[in-house]
Each structure stands twice: as structure tokens, then as C-alpha cells.
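Subject: Structure handover

Hi,

Here is the structure I promised to pass on. Have a look at it first, then read my notes below.

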Amino acid sequence: MTKNIIISDANHGGLTLLHEYSKYTNNNLFFYDVYNKLTNEEKKDINKKYNVTFLSLDYIKENRDKFTIISPIHMKPVFESDYTHHEFTSYLINKHRTRYNWNFKIIEVTGVKGKTTTVSMIKDVLKNKNLLVLNSNNLSYISNGKTKTLIKHLSITPASIITALNKANNEKILDKIDYCIFEVSLGVTPNADIGILTNILENYSIADKTKNAHIAKKTVFQSKKIICDKIAYDTYYSDVKKDIITISLNDQKADVYLEKIQYNLEKTRFTVNYYGNKLNFSCFGLSDFYINNLMFAITVGLLINDSNETSHNLKNIKPINGRGSYKYKSNKLIIEDINPGLNTTAIKECISNIKRYSNNYILIIGGDYGITCEEIDEKILIEFIKTLNEDIIFSGAVGHNLYKQVDNKNYEYIHDINKALNYCLNKNVEIIEILYRSEYNQEINLYNK
């Protein structure tokens, strides 16, 4: 490895990695600002702080052999990189551990869907521990049943793990933490104590269509303990021969699978077969998808706690706003799937799930663009919608595009989600299902109008 180090991408954590690495190295530092995010003044300040030189793409291409390059795994492959941000973050985690002498365990969760929900569930299962938790909403510290928000709206790029550790150090809680639970996009960092892959429900393309999501998420198999969705394992990773805990709703060849389930709006009862042991649980859970995520949390709980503590902690799990949660208004049940990662597969699952509770329902479908790197595949979604007979109200920017392309006079478009909900509240239906790509906290007026 040369002593000339290029770190790429100011949009997805590159500057965080630069800042942290500068504490441990005398190497020559360079930076490639992929999206030209930084102003000239910002570059001057960064140069002064870290003695870093900003390079153009042409210069890097012409002198590629002179550099060791660190780039996000999803970056357009304009040059060959030596290490991903995930790999480099793992290196920096070890540096941080040595420098500050901490010894807690790190649990990392990745997947196409269910990451935020699974992180929240693991947090609840381990609520008797001191936890540092990073999800797509914020970074928080949980101790003795009290939650302290440390950073709001922190991203889930791997570099945010470094931000989280440094914040914990500044708060003087590094020596109090028992477990870190981190939601991470596009794979986990190598050598995580427990790596979890929730699913590959849609194997979307990354890196300018030169790679797919399953390639990025394969880093989960570099964890010390691995928990993996069995369908994902069988479909994409069956060549990986390691000690893996596989999870399934119905495949009895999995290490952990569901034996029976009785759904209820308040408490769903189900039996999990955990390596031949039948364990009964009762908690909130409206759908197969929700219970599937619970099984990852249960498995973590059984690795760390005993079954009694895991079961007791699960009983009081609360619905996660926008992740299959529900409310009542005007004697109608409103089921909420309002989150940034909503995709076609999830929408199909949600609609299929409603019929478990009633056939008299209406759908609100829509949302916003530009809230995640992974946009919704409208072509697939439109083809699916054309197969439906359900009443649908489209809303938001996404809903507007869908409405124009579906071209069905029986559907309606109402731009404002609050007005769309109020319209549905006046319909003769039992259930309103909101399927909306957005941050839940941006829709806080839904029930106030």
C-alpha cells in the first residue's frame, strides 16, 4: 500500500472517515469530491485542517498506481478502489477501540427492507442493557429504561458508526455501553460481533448498474456471528460455507422458523422453533413481515439473554410509527406504512396483509422522491397496481406519477396526504391503509385535521 491515500465522496461519509483517519496517520491525504458538493472555501478549510489535497477525476485516472483509494461500494466505478467505506470503517473502529480502550459488542443490521424495524426490536429485546443505537431516525443512548437522543437525523452510511462512537466518547459513556446496535446501508462493516441480513426483497442495482445490492450486503458473512434470512442465503449466498443462523417464516430447514401464529390487532401469539426448541411469544405484530423481523430480534435475544427474559421484553414492544403501526379515527382502523424505504415488494405484502382483518378497505399510495438512494421501481409498481381491484387514492409526488401512468378513471389523486386521509375517513370503509414513501415525522399532521 502506498502512503498516498485518497478518500472519496463528501456526500456519504467521506469527510467523517478523513477526520478520523487523520488522528492515526502520517500518510499523505487526498480527497475526491465525487458530486462536487464542497465549495472552494470549504475545500480551503478542509485543506488547512487536515493538510489534504483535492484531486480531479482526470488526475486520479492518470496516476492511479500512485494511490490507495477508499470509496463507497455504491459509487460509480470511475476508477478502481482498494477498499470500501465499510472496510475502512472497520479498520477505524479497531483504531478507536484501541485508543479509548472499550470492549462492548457491536451488532449491525443491513438488508433491503426491515432494517429500522429490526434495530428497534433488538433494542427492545435488550432493554435491560446499556445500548448505543443508530437507526435511520437518530443516534440514542438507552440506559435504565431512559432514552437520550444524542444526534438527530444521522445517516446510516458506515461512516456514521465512527460519528456514533465519537459522540459516545464526548458524552463520556463509552465505558458504560454493553452493546451498540447499528443500522447500516449496503452491508455491514467486516468483523462486526453480530451481523444481520434481514432480506434481499429487491436486488436493486448500484454503482452505475455494475453491481447489485446482494453483492454489497455480502459483507455480513465477515461478521463473527451471522444471522441471515434463509431465502436470501439460498438465493444469493449458498456458496458461503460458514456457521450461519438462518431465519424463515415457514422453511423448516432454517435454524429458526415459525411454527404457528394467531394474529390479533392487540397481541399476536406465535411459536418459534429455535434449533428444535419450541418457544411461545406474545406481542404486537400485524403482519408476516413484522413477525419475520421479530424473529431476528428474538434470535439476538436468545444469543445474549435467556428465553424468559427475551419473552418478557417482547411482551411490551410498541408499534413503531410508520412501520405497520395503526391508529383509530372516526371508528376506522388506519394502518400506517409511512417510511422512506417503502418499495413495490413491501407494498404487495402490505396489501396482502390487510385482507387478514377486513375486505372493506381503501388504499392511499404515494410519497416523495429523493429521500433515499434507492428510488421506487415505478414500472413494476404500476404493473402490479393494474392487477388490483381495490379502491385507491394516490397522493404526493410519487402518487401523481403513478396516477398519470395507471390511467384508471376509478382512481383519484389528492396531492396533500392529510386531505387524502380526511377524504377516506368519509368513505364507507373499515380500514384505511397508507402506503407512503416519506419520513414519518413529516406527516405528523395526519390526525390533526
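Let's start inside: the largest cavity is lined by His12, Pro72, Ile73, His74, His85, His86, Thr157, Pro158 and Ser185. On a 1 Å grid over the protein atoms alone, a cavity is a set of points where a 1.4 Å probe fits but cannot get out, and lining residues have an atom within 4 Å of a point. About 50 Å³ of space lies in it, a volume being the space filled by probe spheres set on the points, which are joined across faces, edges and corners. Its lining divides into 3 nonpolar, 6 polar and no charged residues (Ala, Val, Leu, Ile, Met, Phe, Trp, Tyr, Cys and Pro count as nonpolar, Asp, Glu, Lys and Arg as charged, and the others, Gly among them, as polar).

Before you go on: this is a predicted model, where local features need pLDDT of at least 70 and side-chain atom pairs count only at pLDDT 80 or more, while totals for chains, interfaces and linings use all residues. Residues are numbered from 1 along each chain as its sequence is written, and side-chain values use heavy atoms, with hydrogens and water left out.

The second largest cavity has a volume of about 30 Å³. Leu342, Ile347, Ile365 and Gly366 are among the residues lining it. β21, α13 (396-406) and β24 each give two or more residues to that lining; helices (H or I, at least four residues) and strands (E, at least two) are DSSP runs, numbered from the N terminus. By class, the lining has 8 nonpolar, 1 polar and 1 charged residues.

Now the sheet. Its 6 strands run in the order β19-β20-β24-β21-β22-β23, as an open sheet with mixed pairing (two strands pair if DSSP finds at least two bridges between them). β19 pairs with β20 (residues 332-338) in the antiparallel sense over 6 bridges, and Tyr326 has Ile335 in β20 as its bridge partner.

Helix α11 (residues 344-354) packs on this sheet, touching β20, β21 (361-367) and β24 (431-437); contact means heavy atoms within 4.5 Å. The direction of α11 makes about 175° with that of β24 (axes are lines fitted to C-alpha atoms, for helices over the stretch in contact, and angles run from 0 to 180 degrees between N-to-C directions).

Cheers

Note on methods
1 Å grid on protein atoms, 1.4 Å probe; cavity = no way out; pocket = protein on both sides within 12 Å on 5 of 7 lines; lining within 4 Å.
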